Amino acid sequence: MQRRLAAFAAARDWGPYHTPKNLTSALSVEAAELVEIFQWLTPEQSAHVMEDPDFAHRVRDEVADVLAYLLQFCEVLGVDALEALADKIDRNEQRYPVGARGPAAPGRIKSTPAAAGSSADGSSHTDGHSAE
């Protein structure tokens, strides 16, 4: 798929536009379009979205767009997406062992602003939880 996307872009002379900055911007836009589909659905409705042909079509198209831009980004930077994913899973297995409880567990709500990543000046930062 990565080679097919690269050939598609090359045949249209899109290479100059496929910079890491542009591809990450496009990826963000497409991810937001996927979020938009679910924006006003209840959790129950979202769990059954693929049962509606119109919603299912939209979801599949946006998933394809997100994946296409991610693969093109990986192609431009020479990132092996599956290797990167395998490495991340390995790290997460170490970081979050089975049965672990406590503040480091994903999804745990922090009790204070400082614990949640806010600094004294009011700015915030993340604690590294992403797609885990």
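This is a predicted model: local features need pLDDT of at least 70, side-chain atom pairs count only at pLDDT 80 or more; totals for chains, interfaces and linings use all residues.

Me: Why is W14 called partly exposed?
Reply: W14 has a relative accessible area of 34%. W14 lies in the loop between α1 and α2.

Me: Which residues does W14 touch, leaving aside its neighbours within four places in sequence?
Reply: W14 is in contact with F8 and A9. Contact here means heavy atoms within 4.5 Å.

Me: Why does Y17 count as exposed?
Reply: Its relative accessibility is 55%. The cut-off for exposed is over 50%, so Y17 passes. Y17 is found in the loop between α1 (2-11) and α2 (20-38).

Me: What makes F8, W14 and Y17 a nonpolar patch?
Reply: Patch members need over 30% relative accessible area and no salt bridge, and nonpolar side chains are joined within 5 Å. W14 at 34% clears the area cut-off, and Y17 at 55% does too. Together F8, W14 and Y17 have about 340 Å² of accessible area on the surface.

Me: Is D13 buried or exposed?
Reply: Exposed, because its relative accessibility is 59% and the cut-off is over 50%.

Me: How do you know that the length of helix α5 agrees with its residue count?
Reply: Helix α5 covers residues 81-95, which is 15 residues. The expected span is 1.5 Å times one less than the number of residues, so α5 should span 21 Å. Its end C-alpha atoms are 21 Å apart, which agrees.

Me: What is found at the start of α5?
Reply: A side-chain oxygen of D80 reaches to within 3.1 Å of the backbone nitrogen of L82. The limit for a polar contact is 3.5 Å.

Me: How many helices and strands does the protein chain have?
Reply: 5 helices and 0 strands. Buried residues make up 16% of its 132 residues.

Key:
Residues are numbered from 1 along each chain as its sequence is written. Side-chain values use heavy atoms; hydrogens and water are left out. Patches are made of residues with over 30% relative accessible area and no salt bridge: like charges are joined within 9 Å, nonpolar side chains (Val, Leu, Ile, Met, Phe, Trp, Tyr) within 5 Å. Accessible areas come from the Shrake-Rupley method with a 1.4 Å probe; for residues, only the protein chains shown count as cover. A salt bridge is a side-chain nitrogen of Lys or Arg within 4 Å of a carboxyl oxygen of Asp or Glu. Helices (H or I, at least four residues) and strands (E, at least two) are DSSP runs, numbered from the N terminus. Buried means under 20% relative accessible area, exposed over 50%, partly exposed in between (1.4 Å probe, protein chains only). A polar contact is a pair of N or O atoms within 3.5 Å; within protein, one must be able to donate a hydrogen and the other to accept it, and residues adjacent in sequence count only if both atoms are side-chain atoms.
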